[in-house]
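Student: Could we go through the charged side-chain pairs together?
Tutor: Happy to! Let's have the sequence and structure in view first.

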Amino acid sequence: MTTSTDRKVVLVTGASSGIGEATAKLLAERGHHVVLGARRTGRLEELAEEIRATGGSTEHHPLDVTDAEQVRAFVDAAHSRHGRVDVMVNNAGVMPLSKLEALRLDEWNRMIDVNVRGVLHGIAAALPLMQAQRRGQFVNVASIGAHQVSPTAAVYCATKYAVWAISEGLRQEVGGDIRVTTVCPGVTESELAESISDPVGREEMRTFRNVAIPASAIGTAIAFAIDQPAEVDVSEIIVRPTASQA
């Protein structure tokens, strides 16, 4: 259990389901204060109630990561209330897979807006505060797709490689005060597949899902990186199913 001196204020985007929800629950269980952000406020309220019912500390705010001002308000509200922002978990993401020849431009742009701009908005909002307090940590959720590309996933993988590249550049730029961790999940149980409207992409994901790991496994990896001593920066974690060849 985290002691009062180790307790951190952790902001989690995309917290209403999947990896974000699992991470928030685990961090609250370990004694951290979690600030939940997502578009589905009803789901956030249910999660916050569940966390408090088990003795955890939390608050929640509506959040669309594609809106830079909303992200800034989300981060500023946490900072105003607690006087610090210790960890920013940029987790929100979408994955509407399809072959490029399907020409689903709206879905491509949505992935770029959420998966890439959403992370940049989180960095833009929290980085100045962390620099001022001379400590902090970004945990950016990428994907195994940042390291390998598969059919129907070209644009998704491109966005997740962008997250990896942005994270690595940030790590090199911030020096010794701020830690940067990239988490790359393999196929994981989540609602991401529900955003796949293309039948080919949907069938491919159904095959991948046969060996999916629980979202809690990614939450455990994130908690591991957060709970390291200040002088230890876990730069990247790849978590995949044992049975997966991808």
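**Salt bridges in the model**

Tutor: In this predicted model, Glu-168 and Arg-171 sit three residues apart in helix H5 (residues 154-174), which puts about one helical turn between them.

Student: What is the N to O distance where the side chains of Glu-168 and Arg-171 meet?
Tutor: Side chains of opposite charge can pair when their charged atoms come close. A salt bridge needs nitrogen and oxygen within 4 Å. Glu-168 and Arg-171 form one, with an N to O distance of 2.7 Å.

Student: Is Glu-107 buried or exposed?
Tutor: Glu-107 forms a salt bridge with Arg-104, their closest N and O atoms being 3.8 Å apart. Arg-104 is partly exposed at 26% relative accessibility. Buried means under 20% relative accessible area. Glu-107 has 15%, so Glu-107 is buried.

Student: Which helices hold Glu-50 and Lys-25?
Tutor: Glu-50 and Lys-25 form a salt bridge, with 3.1 Å between the closest N and O atoms. The pair ties together parts that are 25 residues apart in sequence, because Glu-50 lies in helix H2 (residues 41-53) and Lys-25 in helix H1 (residues 18-29). The helices asked for are H2 for Glu-50 and H1 for Lys-25.

Student: Which residues do salt bridges with shared partners join into one network?
Tutor: Here the salt bridges share partners, giving one network. Its members are Glu-21, Lys-25 and Glu-50.

Methods: Residues are numbered from 1 along each chain as its sequence is written. This is a predicted model: local features need pLDDT of at least 70, side-chain atom pairs count only at pLDDT 80 or more; totals for chains, interfaces and linings use all residues. Side-chain values use heavy atoms; hydrogens and water are left out. Helices (H or I, at least four residues) and strands (E, at least two) are DSSP runs, numbered from the N terminus. Buried means under 20% relative accessible area, exposed over 50%, partly exposed in between (1.4 Å probe, protein chains only).
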